[in-house]
Amino acid sequence: MAGVKKIPMRMCTGCGEMKPKKELVRVVRSKEGEISLDLVGKKPGRGAYVCRSLDCLKKARKARRLERGFSCKIPEELYDAMEAEMAAAGAVPEVKG
């Protein structure tokens, strides 16, 4: 009997939608407190997920959802660096209108 493989689902911190884990980008806080993007999904540490769109990252930034999830303050420069890294990785640009 062949079973259907379960697809792991995660919630985007920006838009709040449940999506397959492979479609999201992981933001990680290491034990040292360093926060970075994990495009592969293998870095150790506490993780939060955000869609591959700059719009969702900006929503999470505005509502401070990543800061709440990691229980620490995230500097604005780090958000700017994450936006640049997502744009370089081929993130979907924000939708105007």
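**View 1. The buried residues of helix H1.** Helix H1 spans residues 54–62, and its buried residues are Leu54, Cys56, Leu57, Ala60 and Arg61. Seen down the axis of H1, these residues fall within an arc of 160 degrees, so they line one face of the helix. The model shown is predicted. An α-helix has 3.6 residues a turn, so residues three or four places apart point the same way.

**View 2. What covers H1.** The cover over the buried residues of H1 includes strand S5 (46–51). Helix H2 (65–70) and helix H3 (76–88) are also among the covering elements. Just after H1, Arg64 takes a positive phi of about 55 degrees.

**View 3. Lys58 of helix H1.** Lys58 lies in helix H1. Its relative accessibility is 32%, so Lys58 counts as partly exposed. Lys22 is 36 residues from Lys58 in sequence. In space, the two are 20 Å apart, C-alpha to C-alpha.

**View 4. The largest nonpolar core.** This core has 20 residues. Val27, Val50, Leu66, Phe70 and Met82 have the most contacts inside it. Two or more residues come from each of strand S3 (24–29), strand S4 (35–38), S5, H1, H2 and H3.

**View 5. The contacts of Leu66.** Leu66 is one of the residues with the most contacts inside the largest nonpolar core. Leaving out residues up to four places away in sequence, Leu66 touches Thr13, Val27, Ala48, Leu57, Ala60, Ile74, Tyr79 and Met82. Of these, Leu57 and Ala60 are among the buried residues of H1.

Notes. Residues are numbered from 1 along each chain as its sequence is written. This is a predicted model: local features need pLDDT of at least 70, side-chain atom pairs count only at pLDDT 80 or more; totals for chains, interfaces and linings use all residues. Side-chain values use heavy atoms; hydrogens and water are left out. Buried means under 20% relative accessible area, exposed over 50%, partly exposed in between (1.4 Å probe, protein chains only). Helices (H or I, at least four residues) and strands (E, at least two) are DSSP runs, numbered from the N terminus. The arc is that of the directions from the helix axis to the C-beta atoms. Contact means heavy atoms within 4.5 Å. A nonpolar core is a set of buried Ala, Val, Leu, Ile, Met, Phe, Trp, Tyr and Cys residues joined through side-chain atoms within 4.5 Å.
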